[in-house]
Amino acid sequence: MKNEIPKKNRKKLLFPSGFLWGSATSAHQVEGGTNNQWTKWEKENAERLAKEAKTKWQPWQQEKFPEMFEAQNYISGKACDHYNRFEEDFDIAKSLGHNAHRFSIEWSRIEPEEGKFDEKEIEHYRKVLMALRERGMEPFVTLWHWTNPLWLEEKGGCENPEFATYFKRYAGLVAEKLGSNVAFWITINEPTTVILNSYAAGVWPPQKRNLLSVWRVYRNLAKAHKSAFEEIHVKLPNAKVGFSHIVTFFEPYRRYSIADLLAVKIAEYFGNKKILNMTKSHNDFLALQYYFHRKLLFPWHIQKERLVSDLNWEIYAEGLYHILRWARRYKLPVYITENGLADAKDEKRSEFIAASLLWVHRAILESIDVRGYFYWSLLDNFEWDKGFWPRFGLVEVDFETQERKVRPSALEYAKICKNNELEIEI
Ligand code: FCB
């Protein structure tokens, strides 16, 4: 008798019907031709960032991504020219089985001068929304993905006590003009990331390191979200409004160390909980974003893991499950509005997506109300102070020719999206 090699058992994990599948982008990172505080800062800091790459990144990263030493890498410029190519990009997303898409509206285009709203740009975003609707993709609209119009930045940006008032006016206008095509609104993207990087670590514009600024911006962003939440509901009573929140999975490095456990409590409070407390009863859903797992060895964290992305960020898909369990207490529907990794050679992405979704599925089996998953990002794009070298895209972009190339992992993810199920080997 011939020895039969047993076929591996396969199991299909079905997702709830109506589950939203897609990817996310943000205006400044993909559109090109923006004119906001980042555009200005990039020009002023590109040379410095290129020089600092030598000390900032590991030798293997420097070797793999020599573009990090070029000032040009740090200037968003034309980015992916998505402002002009959104239809082509949405065709790709549709062909990949996406039934939803998250993008952001660029405030500096809508209100380039204080109180003056640009009808042409509103019309542009109307076309963007129509293009999504025509392709059967549910839009998730972010109103603020970290970029301020220059007039606002000159008045102190997020620290201005009137920030929430300005934001409410802008949010109200967009809701009024574009609301008929939008059910899901994300007011603000990751408030805690911008607070940390721009006002505590001082590495992003306006490069402050000041506790008072941290406090002001915490307060202003929470207030901005709450005012926009109310204003959108006045204009659109049925709208669903939330803000996207990066949640880190913290663990003690030494399981029985009081100091490490205390460090976890403090980090969880300031990183994960505080902003949710501050916006209590002003969220129709949770928009969670997961990138980081931190093992805390009082008072810092240490990273020893071998499996890392091109950014040397640890790859730990299981963390998504833990943050979903943590989020259960808020008793709100959950959308994962960002989760992804930089992987230029596309060696780890497929497995990462499948592993992440396996954990999402497990959370759903435990009755956690997860309703959608948006991979970051549809396209390779401009990764803030790191520039163009980290490649997060399901679709590779040649920034010289603007040619798009669908990565193999995008096709694997497409199978999951199209079938509403994840097939695994057991
Ligand atoms: C998130 C940001 C997004 C992108 C990814 C990698 O924190 O919201 O714009 O930079 O990280």
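**Entry 1: around W144**

I began at W144 and listed its contacts (heavy atoms within 4.5 Å). Setting aside neighbours within four places in sequence, I found W107, C158, F163, F167, T187, I188, N189, V194 and L221 in contact with W144.

A note on the source: this is a predicted model, in which local features need pLDDT of at least 70, side-chain atom pairs count only at pLDDT 80 or more, and totals for chains, interfaces and linings use all residues. Residues are numbered from 1 along each chain as its sequence is written, and side-chain values use heavy atoms, with hydrogens and water left out.

**Entry 2: the cores**

Next I looked up the nonpolar cores, each a set of buried Ala, Val, Leu, Ile, Met, Phe, Trp, Tyr and Cys residues joined through side-chain atoms within 4.5 Å. For burial I used relative accessible area: under 20% is buried, over 50% exposed, and in between partly exposed (1.4 Å probe, protein chains only). Which residues touch the most other members of the largest core? They are W144, F167, W185, L324 and L357, in a core of 131 residues. Helix α8 (residues 163–178) gives this core its largest share, ten residues. Apart from it I noted another core of five residues, including F250, A263, A267 and L296.

**Entry 3: the whole chain**

I counted secondary structure from DSSP runs, numbered from the N terminus: helices are H or I with at least four residues, strands are E with at least two. The protein chain has 14 helices and 15 strands. Its radius of gyration is 21 Å, close to the 22 Å that the globule rule gives for 426 residues, so the chain is as compact as a globular protein of that length. The radius is taken over C-alpha atoms, and the rule is 2.2 Å times the number of residues to the power 0.38. Along the principal axes, the C-alpha atoms fill a box of roughly 80 × 50 × 45 Å.

Of the 426 residues, 59% count as buried. Among contacts with a separation of 6 or more, 78% come from residues 24 or more positions apart. I also noted that the mean positions of the 62 positive and 58 negative charges are 6 Å apart. Here Lys and Arg count as positive and Asp and Glu as negative, while His and the chain ends are not counted. Each charge is placed at NZ of Lys, CZ of Arg, CG of Asp or CD of Glu.

**Entry 4: helix α12 and L324**

Is helix α12 (residues 318–327) mostly covered or mostly uncovered? I found it mostly covered, with seven of its ten residues buried. Those seven are G319, L320, Y321, I323, L324, W326 and A327. Their cover includes the strands β7 (249–252), β8 (286–289), β11 (334–338) and β12 (370–376), along with the helices α11 (258–278) and α13 (349–365).

I then picked out L324 in this helix. L324 is buried, at 1% relative accessible area. Beyond its neighbours within four places in sequence, L324 is in contact with L288, V334, I336, V360, A363, I368 and V370.

**Entry 5: loops**

Where does P206 sit? I placed P206 in the loop between α9 (191–200) and α10 (211–235). A cis peptide bond joins P205 and P206, with omega about 5°. Q207 lies in this loop between α9 and α10 too, and its phi is near 55°, a positive value in a residue other than glycine. Q207 is partly exposed, at 34% relative accessible area.

S377 is in the loop between β12 and β13 (395–397).

K331 belongs to the loop between α12 and β11. Its phi is also positive, near 50°, and K331 is exposed at 74% relative accessible area.

G33 is in the loop between α1 (27–30) and α2 (37–56), and counts as exposed at 56% relative accessibility. Not counting residues up to four places away, G33 touches G77, K78 and R109.

Last, I checked E421, which is in strand β15 (residues 421–425). Is E421 buried or exposed? It is buried, with a relative accessible area of 17%. Leaving aside neighbours within four places in sequence, I listed K12, L13, L14, F15, K415 and I416 as contacts of E421.
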